[in-house]
Amino acid sequence: MKMTGAEIVIRCLQEEKVEVMFGYPGGSVLHIYDELFKQDQIKHILVRHEQAAVHAADGYARSSDKVGVALVTSGPGATNAVTGIATAYMDSIPIVVISGQVPTPAIGLDAFQEVDTVGITRPCVKHNFLVKDVRDLADTMKKAFHIAKTGRPGPVVVDIPKDITAHTCEFEYPQTVQMRSYNPVVKGHLGQIKKAVQLLSSAKRPIIYVGGGAVLSDASDKVRKLAHHLGFPVTNTLMGLGAFSGIDPQNLGMLGMHGTVEANMAMHYADVILAIGARFDDRVVGNPENFAEEPRKVIHIDIDPSSISKRVKVDVPIVGNVPDVLEEMLKLLEGSKPDPAQTAAWWKRIEEWRSKQCLNFKQGDDLIMPQYVVQKLYEITKGEAIVCSDVGQHQMWAAQYYPFAEPRRWLNSGGLGTMGVGLPYAMGAQFAHPDATVAVVTGEGSIQMCIQELSTAKQFRLPLKIISLNNRYLGMVRQWQEMFYESRYSGSYMDSLPDFVKLAEAYGHVGFRVEKPEDVEPVLRKAFIDHKDDLVFIDFQTNREANVFPMVAAGKGLTDMILAEDL
Amino acid sequence: MRHIISILIENEAGALSRVSGLFSARGYNIETLTVAPTEDASLSRMTIVTTGSEEVLEQITKQLNKLVDVVKVVDLSEAAHIERELMLIKVRATGKDREEMKRMADIFRGRIIDVTDSTYVVELTGSSSKLDSFISAIDTGLILETVRTGVSGIGRGDRILKV
C-alpha cells in the first residue's frame, strides 16, 4: 500500500513501539502532525519550547531503557533543540530527534525557517540524516533507532524536508539493519578479560570505579555481583550513581571534584583500578599528570574504544558491552575469591579516610542548610524517588546527600552541564514511570531556564515535586568567585526574582515557601503526602553562603581536597 | 610525527564534512586531504596527512572509526607504503628562462602540458618533498601559480584497504 512520507514516519515510530513523544509543531512538520492526529498509539506531549521537548525525551530515555523521541519543526525549532541534543550527546543518551526541513527545492535558498540542521547538529549527534527521497525514509528511521540505542548510545537526528512528507511510496519496515560501516563490538576480548581477572585477584589496594556506562547498559546487577564477590571498595561517578547501591557498605560515595575524601583518596592510591563504563573525565581526574605519578594498573571496560586511554593511560583495555564483559569476568572468577586478608590493610586505610565524615554539616536553628533539605527529601521519599536535578550547587548536594540504591533514579546533565534540564527531565521520567515519585532538585537560577514547562506539566497533570534551593545567587558561580576571585560576585547575584509561590499558582499548581529549618520536614510531608497528586513547587530560602565540599579545584590532584573544616 | 591516514567512507552527502569537522572540533591537524570515489562508487577513499604524537594519532584513528559512515581506517605510515602528489605549476617562460625551465622540468621528470609564448604549465608527480624541491630549485620569481592535489597514498604489496 502506498503511503505518504508523513504516514511512514508515524508507522515507523509505531513499529519501534514508541508510546510517548515530545514535540512542538510548525510549518515543516504539519503533514506529520496531521498523521499524528489520526492515530492514538503514540501519545504526543506538547511542550512549551523545543529545548524542553528534547530534554524530556532524554529524561524519558535516562529513566527507562527506551529510546526517547522528539519532533520539532525546521529553523528555530531545530536550533532550539540543539542544546537538548548536545546534552544527550555528552551523556550518551539514546534519543531520536525528528526535525522538519523546508521543501527539497527550497533548500539552500535561505527559505523561511530554513537552517542547515544536519550541519548545525553534526558535532553533537551520534549520527544524523537528511532524507532526500521518500523511498529512503523507512530505512533511515530504522537505522536512526538502531544507531541511537546500540554501541555507545547517543542522539540521532532525522531531518525531513516537507515535500518528502507529502511524497508517496510503498511502505515496508525493514526488520534488520545491515550497515557495513557500523558494527559495534559487544563481546570483550577473552585474553584481555583473563588478564584483568589476574590483576584483580592479586590486587592489594583495588577500587572499582563505576560510571554512566554501567547505568546505560543496565549492568547494575552484574556490577553488584562482581563487587560483592571481590569484596572491593566501589566508587560511582556522578553519572554512575545508583549503578552500585549508594547505601552499600562497600560504596565509598561519589568521586571527583566534589567527591568524598574516601573515594578520592582510594582512587588516587589504588594499585588496581577497574573502570567500568567511566571515562576519567576532567571532573573526576582533574590533573592527569598528577594522577599518573602514582604507580598502578588500570583496567578499563568500555564500549567506546575512543574513551580508553584518552586522558589516563590504560593497561588492560577491554572494548565491549559492559554486562557481557562482566558476565565473562564472573565466570572466570567462579570458585575463586580473593583472600580478604589481602585487602585488609587497604580497607583499614579507607576506614580512616571515611572517619573524617567529610559530608558532615551543621544545621542550626536559623538558616536552612541546603544539604539538610536534600537529607529530608531522602527520608520522606524513602530514597525511592526519581530525582532530576538541574546544574549547580544543588546538583552536587543532591548527588552527595541522596544515596541512590537503584540505577536510573538519578537524572542530571553530567557532561554538558545544562542548566534547565531538571523540570523537562522530570516530565520525561514521569511519562516513563507514571506511578513513580518524581522530584526535581533545582535552584532559582536553573529552574528559570525552562520554567515555561510548568504549563506542560499542568496540561498533562504531572504530579512533580519541585525542590528549589533558593539562595538568591547563582551558587556554584558564587562559590568559585568566593574561592578563586576574592569574592567579587560578578554577575552571580540575581535581583528581582519572581515570587515562586505565586508563579506556581499562576500556572495552576501548588506553591510553598519555606524559610525556617523547622518547617522543612512538615512542608515536604505536605507536598509528598497531602498533595501527592499535585505538582508542588517548594521555594526553600536557604543559607546564601553555603558551599559544596569537599572540593578539588579545577586542575588539581585528587588528593588536594578543600574540606568544609578548612575554611 | 607525520602520518598518512587512509579512510574508506560511505560516499554520501556530508561525509567529507563529518571527517573535516571531527578534525577541527578536536583540534587535530590536517596538512592535506584528498577524497574521491573508489572503483565501487558507493565508497570514497580519503587520504589525510596529519601530524601528532602517538597518543593523538591513536585518538584520531579511534574517533574516525567512531563516525558511523566510516568503513575502515588505516595509518599507512605504520608500514611500507607509497605516497604521491600531483602539482600543476604555471611559470613564466621567456628568454633564457624558457630553456632553463624546460631543463628543470626534465630533471624532475615533469611534463610541460601547456605552452604559450610566455608561460609553461608543468605537471609534476611525486612525493610531497619532491614537489617542494622543484619549487625551491626554480627561481621563485618566475612562479605564476601553483596548485597541488595533496597526498594520495597506498600500501605496498599485500597491504590492501578494501571492504
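1. Start with the sheet in chain A: it is open, has six strands in the order 16-15-17-18-20-19, and its pairing is parallel. Strands here are DSSP runs of E with at least two residues, helices are runs of H or I with at least four, and both are numbered from the N terminus. Two strands pair if DSSP finds at least two bridges between them. At the edges sit strand 16 (410–411) and strand 19 (510–514) of chain A, each pairing on one side only.

2. Before going on, keep in mind that this is a predicted model, where local features need pLDDT of at least 70, side-chain atom pairs count only at pLDDT 80 or more, and totals for chains, interfaces and linings use all residues. Residues are numbered from 1 along each chain as its sequence is written, while chains are lettered from A and ligands numbered from 1 in the order in which they are written.

3. Inside that chain A sheet, six bridges join strand 18 (residues 465–470) to strand 20 (residues 536–541) in the parallel sense. Touching means contact: the C-beta atoms of two residues, placed from the backbone, lie within 7 Å. Angles run from 0 to 180 degrees between N-to-C directions, using axes fitted to C-alpha atoms, for helices over the stretch in contact.

4. Chain B has its own open sheet, with four strands in the order 2-3-1-4 and antiparallel pairing. Strand 2 (32–37) and strand 4 (70–75) of chain B are its edges. On average, neighbouring strands are turned by 15° against each other, direction ignored. Strand 1 (residues 2–10) and strand 3 (residues 43–51) of chain B are joined by nine bridges, and Ser6(B) has Thr47(B) as its bridge partner.

5. Two helices go with these strands. Helix 1 (residues 15–25) of chain B packs on the sheet against strand 1, strand 2 and strand 3, making about 145° with strand 1. Helix 2 (residues 54–66) of chain B lies across strand 1, strand 3 and strand 4, at about 165° to strand 4.

6. Have a look at strand 8 (residues 143–148) of chain B too: its count of buried residues is zero out of six. Buried means 20 or more other C-beta atoms within 10 Å of the residue's own; 12 or fewer is exposed, and in between is partly exposed, with C-beta atoms placed from the backbone. Five bridges link strand 8 to strand 5 (residues 81–92) of chain B, running antiparallel, and Ile89(B) pairs with Thr146(B) there.

7. Now the cores. A nonpolar core is a set of buried Ala, Val, Leu, Ile, Met, Phe, Trp, Tyr and Cys residues joined through C-beta atoms within 7 Å. The largest one has 179 residues, and Val96(A) is among those with the most contacts inside it. A second, separate core of 17 residues includes Ile48(B) and Val71(B).

8. Finally, the two chains together: 14 residues of chain A are in contact with 16 residues of chain B. The model scores ipTM 0.93 and pTM 0.97.
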